[in-house]
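Let's read some helix packing together, one question at a time.

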Amino acid sequence: MSTKTISYIAITSIILILLTQSYLVFDYFYTVKFSIIRESDSILKEAFRSDLNQRNETYLNILKENTIQEGNDIDNAEDVKIIDFDMRETDTISNENLLNKFDIIMNVFIGQLVPLNVNTLDSITGLILKERNITSQFSVHIINPTTQEIISSSKSTFRNTFFTIPSQLYPLDFEDKEALQLILINPFSEIIKRMGLMLIGSILFSIIALLAFRFLIKTLMKQKKLVKFKNEFLSNIAHELKRPVSSLIVNLDCLKEPVFYDNAPMRDTMLNNSINSLTELNGTISMIVGLAKVEEGLLVLNRLPVNLIKIINDLKSRFISSPSKNITINTDYDSKEIIISADGLMLTQCFANLIDNSIKYSKQNVVIDVSINTLSHSNVELNFKDNGIGIPDEKISTIFEKYSRVDNNTKVNGFGIGLSYVKTIIEKHGGKISVTSELGKGSNFKIILPKK
Ligand code: ADP
């Protein structure tokens, strides 16, 4: 499956996941909202009945007082019983309608002497809301059910907005003139509080899904980069291997010609060119194998006494014969022989890389100064200085990394493992490598190597 297809599937899946999550959250939000509306219906009813009870008591007291004033026996007044409305909450639903009608009759009857007061109802409602842990603001209204006009309200500043949740209308008479309504003002914090775990779970799930999606896309991008990089690397490596092979074929083809049999200088040049091509090929292959061995932890140094001066002199004769550029290699040694214990083949490959880079990354006239100095009893210092194009400051820290190349050098052959190999081998010997460079003027690679 291609990266593009996987990306499309991932994007579609994340959109579907987020849409489903949003749908579930909204659905649950409305469920909680309706449960609050149902609860406010029952709160209003409870408050109204409690208020009716209180008014009923007041009504009876007034009746008693009137009866006493009219000279009737006080015991006759006791015949009028206080109806306990709260007791009726345990009745069945079918009885509820009947009871509502009874509430209306009682309200109309008691209201003639003790009319309903929204502020009293407001205080009772407040207490019930508190009991039920509902902290949002509220208002109790008497409204006209037909015109929806507010007749009286417990909160004078109240305004009906999107942020208010009204209960059902609770009729106060049989002519549809007045009804009660409880309005919860901005109860969203209450709704969100009730959604609690579901909301947190949903948000967490969405975050995890988004993070997983980000990780997937990042991995896909990385993979795409890797595939591109692998293709580039393979084509570069093929080119690097093909170059010395082509040169070898040309030289060997020429050597076959009878005209060169007796021309000793030409024959020697071609033989030298062939040897150089093979050495270059061998060097590139050794580097690739060497780096692979380092990664697998299998690289072992074959330490023997080696003369650094001899290595540099051999490389000098190999590189100055290059026909492509005018190459001068100056050498400066502080003694005739500088012997250290090292893997001669690997060090030769490292120094060859540095000289080869100095030639590759310079103009037509190349001047390379190689110096070797004994620093102390235990260390030697080598410097490879050139007059090449130099390295930009911001790239200095990365050029020793594997596959790292300076962007504007992409036209020059190479695949970015030379300096990485040099650093790895020098450090494996217990040494250090550093570079100083100035754009347009040249670079200096300094190596410190222990003698043993
Ligand atoms: P390669 O030469 O195959 O690109 P290297 O690892 O040898 O890989 O070098 C890494 C990069 O460092 C090169 O691409 C080049 O941009 C820069 N570089 C190395 N040596 C020199 C030098 N002597 N002068 C200028 N730039 C250099």
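This is a predicted model: local features need pLDDT of at least 70, side-chain atom pairs count only at pLDDT 80 or more; totals for chains, interfaces and linings use all residues.

Q: At what angle do the axes of α1 and α4 cross?

A: Axes are lines fitted to C-alpha atoms, for helices over the stretch in contact, with angles from 0 to 180 degrees between N-to-C directions. Helices are DSSP runs (H or I, at least four residues), numbered from the N terminus. Here α1 (residues 3-69) and α4 (residues 118-131) cross at roughly 130°, and their axes come within 9 Å.

Q: Is the crossing of α1 and α4 left-handed or right-handed?

A: A crossing is right-handed if the near helix is turned clockwise from the far one by less than a right angle, and left-handed if anticlockwise. α1 passes α4 in a right-handed crossing.

Q: Which residues in α1 and α4 meet?

A: Contact means heavy atoms within 4.5 Å. Among them, Ile43, Ala47 and Phe48 in α1 meet residues including Leu121, Ile124 and Ile128 in α4. By class, this contact has seven nonpolar, four polar and two charged residues (Ala, Val, Leu, Ile, Met, Phe, Trp, Tyr, Cys and Pro count as nonpolar, Asp, Glu, Lys and Arg as charged, and the others, Gly among them, as polar).

Q: How do the axes of α1 and α5 cross?

A: They cross at roughly 180° and come within 10 Å. That makes α1 roughly antiparallel to α5. The residues of this contact divide into 23 nonpolar, six polar and five charged.

Q: Where does α5 bend?

A: A bend is the angle between axes fitted to the seven residues ending at a residue and the seven starting there. α5 bends by about 75° at Gly196.

Note on methods
Residues are numbered from 1 along each chain as its sequence is written. Side-chain values use heavy atoms; hydrogens and water are left out. Helices (H or I, at least four residues) and strands (E, at least two) are DSSP runs, numbered from the N terminus. Angles under 35 degrees count as roughly parallel, over 145 as roughly antiparallel, 65 to 115 as roughly perpendicular and the rest as oblique.
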